[in-house]
Amino acid sequence: MELTKEEISHIANLARLELSEKEAGKFSEQISSILGYVKKLQEVDLSKVEPTFSVAEISNVLRDDKVEACDKKTMEDLIKITPENENGLVKVRAVFE
Amino acid sequence: MDLKKLTIKKTQEGLLSKEFSAVELTKECFKEIEKEKDLNAFLALNKDGALIQAEIIDKKITSGEALKKLDGVPIAIKDNILVKDIISTSGSKILENYVAPYDATVIQKLKESGAIILGKTNMDEFALGSSTENSAFGPTKNSRNRECVPGGSSGGSAVAVAADLSVAALGSDTGGSVRQPASLCGVVGFKPTYGAVSRYGLMAMASSLDQIGPITKTVEDAEIIFNTIRGKDKLDSTSVDDERVKIITGKFSKKKNLKDITIGIPKEYFISGMDSEVEKNIKNKISELEKRGAKIKEVSLPHADYALAVYYIIMPAEVSANLARYDGIRYGASERGAKNLLETYFKTRAKNFGDEPKRRIMLGTYVLSSGYYDAYYLQAQKMRTLIQEDFKKVFTEVDCLITPTTPTTAFKIGEKVDDPLAMYLNDIFTVSANVAGIPAISLPCGEAHGLPVGIQVMGQWFGEEIVFEVAKEIENKL
């Protein structure tokens, strides 16, 4: 399984990672070698096997749909750890040009 | 006092007999940490908080109050587990200044039991690694040989215990990150059953695999800490309640001594390419167990050979989703020069993630992407079913399994950093327990080439008790 530099750049774009030309080269080589290893799973016919997404063997863990209020101090603490905030709100850059 | 000899029980005996006070012990730990700065085991220290807690314990002792099970016991915490008001970086530049706003459930439980939290330990960035070389704050050195890695990702926690800087530590184990460093450093590391311990407040890496576990000097200490931190938590929906655990364990047959126990040796775990001295140590230990009356049975886990490939698909897939939250908006570092939101993401993540997170995020994004999902991700989840079935089947014949923890002893710092695949092969014996969700412990088993060897005991789902029992047999009497 060989991933080209272009493919790596496309994946990096999906993952929101900026890559330099040099990084794209290095990562395409390394990720190709890992894919080469994990490819051995494709040797096996698993068409009749059900997938296991969780080993916890529990499902539908529910709680009451009740709002639990957060005290002012906790709220302030949480807002405070954001890189940019104003008047108790998180500030972000423009989404649209 | 001799920090070397202190286990949890001995710490409390020393406190009660007034051989030393909790404050003296805590100060001694910080003195040792300072002296051993070169090991780079700690990223942040909790000096004030620890000493305040120690004073409380000393007052309790003076007034003759009974001690709780961890009162006065110094514990080091892996940096991806939140301790309120202390910086928690997870070994990443992206969280360099992130102060935890709350305690993880395990920390709350440790605090309630009286443990003294010394500080936060070094680790591979976001627990992605097997050597602690992927920390943004420099590698941790193995205290047994400073040119070698301590293993990872909980390398700082393993060294804190191995070098007697702390009595015990917490780590997290997604594919072996507690057991592998414990093995390479010559201490005990335990990964509980998936669902036994709450992960609330643990920075998520791969959520269907992550568990928090203790790193200690003895099996008994690992058991004490496990019993302190385990239990249902409404804040982690994968945690299993006591009632259910009781139903599951109620079906196990009670084993009174070694002669009642059948130990399985999976033949797939004794592979070519394994260090022959490591293999010899493990095999000697197995025959000693046999001589002492345990029944030894060779068994087969036919899909064992695929476990590592399954792991290196499922894990990066989940990593790519879990690490999406480090976006320069919610917490941590943010690149201010960006023109728009999209550029904030691109630049913040490019500048502040190390190579290993980038590699796994991209690998995960790839195996989940349209056109490749069925061939990689779904195929891996199907193989996971077969791996789990192998274990279920084998545990109808045996009570536990014994294997090596790692194929080799500690390797040199720098030796594998440029070859991710060679690094990943280190996890070959540990990942299966995570993929299947079963408990597993690593404990010291002699030495090879002057470095510690680890032996692994795996049990069935919620079969912790027998795992501890067999581990104690190996530890004490052999």
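## What contact means here

Two residues are said to be in contact if their C-beta atoms, placed from the backbone, lie within 7 Å. The structure described here is a predicted model, and this meaning of contact is the one to keep in mind when reading about the residue that follows.

## A buried residue in chain B

B:Ile116 has its place in strand E3 of chain B. Setting aside its neighbours within four places in sequence, B:Ile116 is in contact with B:Ala22, B:Thr26, B:Ala50, B:Gln53, B:Ala54, B:Gly72, B:Val73, B:Pro74 and B:Ile75. Is B:Ile116 buried or exposed? A residue is classed as buried if 20 or more other C-beta atoms lie within 10 Å of its own, and B:Ile116 therefore counts as buried, because it has 29 C-beta neighbours inside 10 Å.

The C-alpha atoms of B:Ile116 and B:Ala76 are separated by 8.5 Å, although these two residues stand 40 residues apart along the chain. B:Ala76 also has a bridge partner in E3(B), and that partner is B:Gly119. The strands concerned are E2 (residues 74-78) and E3 (residues 116-121) of chain B, which pair in the parallel sense over 5 bridges.

## The sheet of chain B

Chain B has an open sheet of 11 strands, whose order is E1-E3-E2-E4-E6-E5-E10-E11-E9-E7-E8 and whose pairing is mixed. Why do strand E1 (42-45) and strand E8 (295-299) of chain B each have one side without a neighbour in the sheet? These two strands stand at the edges, each with a single partner strand, so one side of each is left without a neighbour. On average, neighbouring strands of this sheet are turned by 30° against each other, if direction is ignored. Helix H9 (residues 276-291) of chain B packs on the sheet, where H9 touches strand E7 (262-266), E8, strand E9 (400-404), E10 and E11 of chain B, and the direction of this helix makes about 110° with that of E10(B).

Strand E10 (residues 440-448) of chain B takes part in two antiparallel pairings that can be followed in detail. With strand E5 (residues 188-191) of chain B, the pairing runs over 3 bridges, and here B:Gly189 stands opposite B:Ser442 in E10(B). With strand E11 (residues 451-458) of chain B, the pairing runs over 7 bridges, and the bridge partner of B:Leu443 in E11(B) is B:Ile455. E10(B) and E11(B) form a hairpin with 2 residues between them, and in its turn B:His449 has a positive phi of about 55°.

## The form of chain A

Chain A contains 3 helices and 2 strands, which follow the pattern α-α-α-β-β when read along the sequence. The C-alpha trace of chain A spans about 55 × 45 × 25 Å along its principal axes. The radius of gyration of chain A is 23 Å, whereas a compact globule of 97 residues would have one near 13 Å. Of the 97 residues in chain A, 16% are buried.

## Where the chains meet

Methods
Residues numbered from 1 in each chain as written. Chains lettered and ligands numbered in written order. Predicted model: local features only at pLDDT ≥ 70, side-chain atom pairs only at ≥ 80, totals over all residues. Helix = DSSP H or I, 4+ residues; strand = E, 2+ residues; numbered from the N terminus. Rg over C-alpha atoms; globule rule 2.2 N^0.38 Å. Buried ≥ 20, exposed ≤ 12 C-beta atoms within 10 Å, placed from the backbone. Pairing = 2+ DSSP bridges. Axes fitted to C-alpha atoms, helices over the stretch in contact; angles between N-to-C directions.
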